[in-house]
Amino acid sequence: MKPHSGDFILPVVELKSLMGEGEKAWRALKDQYCGIVIRTPSEEPSRERILSFANQVGKPRTSVLGVHRRNRGATVHDVAPRQEVRDFRGVVVLSTTYREIPLHSDGYNAEPPPEQMILQMVNPGKGGSTTAALAGDIMRNLSLSAISCLSERVFPTTDGTTAIVTRHRDGTFAMRFNEYEINNHLAKHHNCQYVKSKHVAAFSELVEMIDYFESSVSATRIQLRRSDVLLLKNGRVLHGRLGLERSDHARLLHRVWC
């Protein structure tokens, strides 16, 4: 196992096999980096492969964001452009489009959100570079007043309210954050009764800082290759992707929540 960062913010670990070796690599590096890319060039990606790996590193759970029949109730979720599929609320699911997906944590509306998120690249296409940023790096650039407001449990979700920022006992930060979802709730005045002007200002400051990380820090991007696996501590690392090209209609990832 030889971890290296290259130009990416998270280490890229080149292994002969995902099974066994991948779990050891994650155990060795997860506390330091909170995320890794596992590269096994000789292996073929499959639903069985990624699910077996997920069972080694955690307890897989059903995704609550299935948007078509094949994915409903599935543990392994297909992430693919499908021309703007809408969820049960009528909201466009960004991962089914060719549009850019801003940095976010997975399962913003889930109760609770997953602790770990795993992506396996099946068909990378030409566009859609994966982006990532450490929540702690973002937080260090925010004002104390913004952090205080973002830590209040007032921000809307589908079923209630939540805090965007959580500070753990060891001093590390995590985020429950999805700008797109939060804006949809705000626009519909859904579960927004506790949101005040100071919270909106803090949210805007956070979005501005995340935009900076996306646009100005080249080390936040990587083009995942076929069979690559991206494993993150959800919320400790935010992730997203750049826009897809129209030729990327066959692009496919497998996602598992743990």
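A charge sits over a ring if NZ of Lys or CZ of Arg is within 6 Å of the ring centre and within 35 degrees of the ring normal. The model is predicted: local features need pLDDT of at least 70, side-chain atom pairs count only at pLDDT 80 or more, and totals for chains, interfaces and linings use all residues. Residues are numbered from 1 along each chain as its sequence is written, and side-chain values use heavy atoms, with hydrogens and water left out.

**Exercise 1.** Identify the residue that lies over the face of tyrosine 98, and give its distance from the ring centre.

*Solution.* The residue is arginine 246, placed 4.2 Å from the centre of the tyrosine 98 ring.

**Exercise 2.** Classify the aromatic pair formed by phenylalanine 177 and phenylalanine 203, and locate both residues.

*Solution.*
1. Rings of Phe, Tyr and Trp (its six-membered ring) pair if their centres lie within 6.5 Å; planes under 30 degrees apart count as stacked, over 60 as edge-to-face and the rest as tilted. By this rule there are 2 aromatic pairs.
2. For phenylalanine 177 and phenylalanine 203, the centres are 6.2 Å apart and the planes stand at 50°, a tilted pair.
3. Phenylalanine 177 is in the loop between β11 (173–175) and α5 (179–187), while phenylalanine 203 is in helix α6 (residues 197–216), so the pair ties together parts 26 residues apart in sequence. Helices (H or I, at least four residues) and strands (E, at least two) are DSSP runs, numbered from the N terminus.
4. Buried means under 20% relative accessible area, exposed over 50%, partly exposed in between (1.4 Å probe, protein chains only). Phenylalanine 177, at 1%, is therefore buried, as is phenylalanine 203 at 6%.

**Exercise 3.** Classify the pair of tyrosine 212 and phenylalanine 213, and state how accessible each residue is.

*Solution.*
1. The ring centres lie 5.9 Å apart with the planes at 90°, so this pair is edge-to-face.
2. Tyrosine 212 has 44% relative accessibility and counts as partly exposed, whereas phenylalanine 213 has 9% and counts as buried.

**Exercise 4.** Describe the largest nonpolar core and the element that gives the most to this core.

*Solution.*
1. A nonpolar core is a set of buried Ala, Val, Leu, Ile, Met, Phe, Trp, Tyr and Cys residues joined through side-chain atoms within 4.5 Å.
2. The largest has 27 residues, and those with the most contacts inside it include Ile138 and Phe177.
3. Helix α6 gives the most, with 7 residues.
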